Amino acid sequence: MNVTLKLRYAEQEEENILSQSTITEAFAAVADAAKEAKADRKLKAEILLEKGDYRLDAPILLDVEENEGLAYTSLSVEGESGARITGTQVLDASQFKKVEGKPYYVCHLPKENGDYPAFEDFFVDGVRLPFASSERFIHPFPYESRVKEDPVNLIGLFLPEDMMRKIVDADAIVPTHIMMFIEWHFKSIEMDYVDFEDKREKDGVSYVRVHLKNDYMALLNNINGFLGIQNREFYFTNCPAYLEPGTFTYNPYAGELFYYPADTLEGHELGYSTLENLITIKGMSGLTFKNVAFTGATTGYRIKNSYFSGQANCESRVRRLSHAAMITHDVRDVVFDGCAFSELGANGLQMKDSNTNVSIVNCRFTHIGMSALSVGNPEKEWGNPKNRNIAIRIENNLVEDIGYTYPSAVALYVGMVDGLVLSHNTIRKCAYSGVSVGWGWSRVDYELGESVNIRDAEISYNRIEDFMMLLRDGAAIYVLGANCDASNARRFNKMHDNYASRELYRDGSKRGYYMDGSSSNWDVYDNVICGVRLPIFSQFHCAGQYTFHNHINNIYSTYPIDRGNHAPWRDTILGVYHDEIADEAEMMKKYPEAAAIRDASGCDLK
Amino acid sequence: MAICLETRVSENVSCTSFRDLQEDILRFAREIPEGKTAEIAVELDHGQYLLTEPFRLSAKEEPSLSRLRLAFKAKSGMRPIVTGCLPLCGADFEKVAGKEYYRYRFPKDQEGKYPLFRELYVNGNRLLPSRSPSFLNPDPLTAEERRGEVKKKGLYLPLAAVKEMLSSDGAVFFTLHVEWECFTMRVTGADLSDVKEENGERYALVTFRDEFAFFQRAVNGCINIGNREGYFWGGTAYLSEGGFVYDHERGELYYYPREGEDVARVRFDYPAAETLFWFEGLDGVTLSGLSFTGTTSGYVFENGYFSGQANTEKRVGRLPHAAVCGDGLRNFTVKECAFRSLGGNGLLLRDGAVNVSVSSSLFTDIGMSALSVGNASAKWEDKNNRNFNIRVENNLLSHVAYTYPTSVAAYFGVADGLRFLHNTVRDTAYSAFSAGWFSIEDFALGERVNLRDTEIAYNLFEDFMTVLRDGAAVYVAGNNCEAKDARRFNKIYGNYARRHGVNTASRGYYLDASSSNWDVSNNVAIGCYFPLFAQFHVPSQYTYHCHLYENYADRKVDVGNHAPWRDTLLLTVYDDVSDEDALLAKYPAAREILGGAGCSLVP
């Protein structure tokens with residue numbers, strides 16, 4: 001397995017071809033060569049990877065701020081089929097000891113830099129295993145008090161006594177988190193202890209007071225004040241009491257990894273990763289990654305700090321975590337073609353800060369804990385150049401099994417953008433929205449061009465199946481934010497020829513095509529939506545966020561479309577739609593146009 | 001005659017002058033709390049309102065003005081005229097002994113200066129100073145002269161013209177037209193002993209004031225002054241019936257009456273203002289139903305004038321001499337106004353404009369540009385150059401730029417969102433319409449803008465390019481994003497352009513300087529040497545991603561416009577007839593374009 005590096009400066013006739021033993025060395029050689037690059041002596045670097053796994057011991061970083069010559073360096077990384085960059089460290093089966101009286105094993109990991117490693121992804125044969133978790137239950141109580149000064153709100157939560165006894169009996173409460181699904185948020189909060197004397201009963205079920213670690217109860221109370229916790233789905237995770245075959249738990253305070261093999265311990269490749277990034281590139285132009293696979297990255301944040309999510313993969317205290325297989329900052333002229341991002345605990349490809357001329361095509365994103373792909377920041381200040389995304393193309397990608405670890409993470413996220421083509425992608429099985437574009441909820445008074453939220457966007461021919469599988473108040477395609485002053489009625493954003501389908505949910509919390517937060521200037525037409533009770537939602541519930549200049553036409557839905565979407569006085573027009581047939585097959589039969597939309601949607605990747 | 005100042009919150013106030021009005025507005029603005037806005041409507045009754053100093057409102061000088069929304073409007077059915085003209089009494093003119101013309105001597109002002117003006121209004125008609133016939137300047141500049149390594153003494157100009165000039169009384173100027181540039185210099189004299197002969201004609205040395213040193217270097221490097229037209233103006237030698245000249249150095253105005261005309265009964269006015277209304281940094285200004293007239297530009301008298309492309313003076317940039325000048329305005333509306341007989345610009349918006357609407361207005365007899373929005377700069381990174389959502393619709397622009405012929409009739413700098421629709425533009429010295437600037441950098445659409453979302457449609461252009469060369473009915477310049485973006489987000493369609501008589505230097509629809517991302521369709525060009533021209537002469541400025549289709553012309557369209565390798569496509573074109581009548585007879589679609597083009601202000 002060889003890494004070939006080709007270097008050529010602008011005026012150089014022949015390229016230097018070097019053979020490197022590791023990918024880390026190859027990147028280091030690029031960085032070295034870049035020190036000689038200048039505006040009039042640009043460097044072209046190519047890294048060619050043979051088939052095989054390239055293991056990283058530490059993240060790779062190329063940063064223009066540290067190495068100015070990188071600004072004048074273009075980099076292409078191309079792999080043969082099967083070339084994979086991974087952050088996993090292999091564990092030998094002999095490192096695991098059987099826990100006496102239990103069907104699972106324990107592995108004691110050594111301290112690194114005086115501390116046990118923080119991670120939450122354990123791989124068996126390259127596949128991330130889920131944390132051992134309980135079944136879900138409905139939390140029946142509201143907050144006891146949301147008055148900040150009221151000490152009662154700091155005490156804890158009442159959780160089912162039988163489950164808590166099971167957890168405590170397993171003598172492993174410390175690393176266990178309570179997972180809470182609260183509309184479009186989720187919380188993953190580490191428990192501290194249980195007070196079995198402090199009980200209450202509801203509907204014949206006994207609940208006991210569970211105290212949360214640190215100040216987490218106060219945090220839970222004080223953030224997202226308009227969201228309640230009553231009747232929301234909870235469960236316990238990273239919980240030895242619930243170890244089952246094919247699951248694991250990890251205690252970051254003791255370095256103890258408990259693993260319950262699905263069959264045998266031996267005969268499988270076992271591994272874990274402590275790398276939160278594999279490759280980070282900052283400030284460069286001219287990047288191409290072709291046919292390269294990324295796997296084996298994790299995040300160590302939640303397991304030690306708990307997690308209080310905001311919308312779209314944000315954490316309430318630290319915003320969006322920079323944990324991804326591949327991270328870029330402030331890049332332009334970038335191509336990801338034929339790459340694979342799979343088995344990643346955090347994000348797949350995260351493109352932060354400004355992005356210009358980015359193409360992400362023919363890529364696979366599978367089994368990813370957070371978002372598959374994020375382009376741009378979750379910010380609404382276009383005036384800050386770091387928030388600008390320009391000429392973004394996301395086309396013919398397969399995105400599958402996304403966000404189940406961090407369910408507020410949308411599968412594909414694009415922030416404020418001028419020029420977006422998001423077409424022919426297949427998105428299957430995602431915890432929350434399939435696509436989310438734009439940021440900001442209020443009306444704006446800027447003229448088109450003075451500032452941008454979403455401009456010249458085309459979201460088309462996408463196939464989105466089994467979306468919104470965990471959280472609420474999201475959609476197959478979710479866009480938000482006003483896009484210019486209301487005096488401009490042009491519809492310069494298009495959403496068309498998309499097909500979205502999922503099993504019908506009991507209420508309207510899972511939506512089809514969702515224009516939220518003063519969304520404006522959209523043409524939404526020729527879309528199919530099956531299995532949601534709000535097939536179209538052009539925000540008409542929140543008075544301060546009503547949409548305008550949106551025209552919706554030729555929608556095919558298996559559930560009636562709400563007439564509230566028709567508001568001509570703000571130029572939100574619900575035109576032709578077909579929503580009288582509840583059965584998808586029947587609808588397709590009656591409307592061949594809908595079947596044609598379905599058949600033309602999605603990517604061509606198998 | 002009164003100015004009525006209406007405010008939303010207080011009783012109406014009457015003002016007797018614009019000075020009072022200015023003070024009232026400022027006082028009112030200062031009372032508006034931070035974060036609030038208030039509206040003022042200023043209603044002008046019928047009559048003439050004299051302004052010899054600009055009526056100026058600047059939010060930079062008085063920030064509270066940014067909280068004010070201002071409407072200046074004519075009282076219903078009235079046509080108030082804002083003018084910079086001061087009257088002269090014909091009886092004060094004295095006959096010059098031994099001559100047919102009369103002289104008026106201006107008194108010096110408090111600073112000991114005479115007024116500076118280039119036009120005289122005689123019985124309400126704007127006249128320009130009398131001039132010589134045109135002649136050719138024979139010699140180009142050498143490379144050494146351009147670099148300033150060799151200093152020329154002056155220009156050798158035709159001996160007969162020089163002798164006539166020397167016989168003149170008063171200050172004399174020389175103006176030279178060079179393709180799309182124009183130069184005016186102050187003549188100091190001539191040396192009849194320094195004569196040379198070329199091609200059988202004799203030329204004498206004419207010398208100029210110190211601006212001549214700059215002139216040597218000022219001419220654009222890709223053009224030259226040899227065999228280019230020039231003329232003298234300003235001396236009494238050129239006076240003929242109905243003409244005037246003005247010697248600004250001595251404050252003497254000469255008028256040559258028409259036959260039988262009693263000078264004592266002639267109404268003379270001279271413009272005493274360069275700018276009438278001047279707004280800076282305001283948000284929400286509306287002008288409706290007002291007329292503007294009586295302005296001039298005095299710059300040339302003290303500096304000469306060296307114009308580059310599109311009304312830019314090479315030393316000081318575009319002069320702020322306009323009936324209405326606006327710097328950095330937002331939400332600015334002009335409707336049903338008249339800009340007549342102006343020596344400088346009509347409406348001049350500089351340093352960034354957002355949400356501008358100009359509609360149903362008349363611009364006629366304008367010395368510089370009728371209408372300019374934006375600076376002559378491609379630097380989008382400078383906020384002052386950015387223009388957004390500019391809409392110019394249903395206006396008549398007529399007889400424009402004969403004083404400063406590099407001025408296009410309607411100019412637009414870099415703009416995101418530009419609509420120029422249903423206007424009639426006729427009788428212009430240079431291009432009727434120009435948009436964009438010389439952008440050549442690679443940028444992704446959105447990173448910056450030259451022209452984006454532009455629509456130039458349903459306009460009627462007649463008799464454009466009557467003085468200068470290398471312009472067009474519709475001229476656009478600059479690339480609009482990097483070459484890999486093939487979208488055609490700018491449109492030129494439904495326009496009808498015709499000239500009477502083919503001028504070899506005139507063009508119809510001209511995509512210059514790496515123009516890109518244009519759709520040019522369903523337009524007609526009559527009398528244009530190049531009906532369509534998607535730059536294919538200058539390699540560094542070739543166009544790309546421009547599609548030209550379904551266009552009509554009475555001259556053959558050059559196949560050089562067809563360059564598929566850079567996605568510049570000359571597709572369907574109907575150019576198989578040789579005159580307008582035949583074209584309209586053969587192609588009903590062209591007739592439809594003619595029928596749908598132009599404004600509704602003229603039949």
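**A sheet and its chain**

Mentor: Among contacts in chain A between residues at least 6 apart in sequence, 76% join residues at least 24 apart; contact means heavy atoms within 4.5 Å. This is a predicted model, where local features need pLDDT of at least 70 and side-chain atom pairs count only at pLDDT 80 or more, while totals for chains, interfaces and linings use all residues. Residues are numbered from 1 along each chain as its sequence is written, chains are lettered from A and ligands numbered from 1 in the order in which they are written, and side-chain values use heavy atoms, with hydrogens and water left out.

Chain A has 6 helices and 47 strands. Both are DSSP runs numbered from the N terminus: helices are H or I with at least four residues, strands E with at least two. The radius of gyration of chain A is 25 Å, close to the 25 Å of the globule rule for 606 residues, so the chain is as compact as a globular protein of that length. That radius is taken over C-alpha atoms, and the rule is 2.2 Å times the number of residues to the power 0.38.

Now the sheet. Four strands of chain A form an open sheet in the order 9-10-20-19, with antiparallel pairing; two strands pair if DSSP finds at least two bridges between them. Strand 9 (96-98) and strand 19 (247-251) of chain A are at the edges with a single partner strand each, so one side of each has no neighbour in the sheet. Neighbouring strands are turned by 25 degrees against each other on average, direction ignored. For such angles, axes are lines fitted to C-alpha atoms, for helices over the stretch in contact, and angles run from 0 to 180 degrees between N-to-C directions.

In chain A, strand 10 (residues 105-108) and strand 20 (residues 256-260) run antiparallel and are joined by 4 bridges. Val106(A) has Phe258(A) of strand 20 as its bridge partner.

Chain B has an open sheet of 4 strands too, with antiparallel pairing and the order 9-10-20-19. Its strand 10 (residues 102-105) and strand 20 (residues 252-256) pair in the antiparallel sense over 4 bridges. There, Tyr102(B) has Tyr255(B) of strand 20 as its bridge partner.

Back in chain A, buried residues make up 62% of the 606; buried means under 20% relative accessible area, exposed over 50%, and partly exposed in between, with a 1.4 Å probe and protein chains only.
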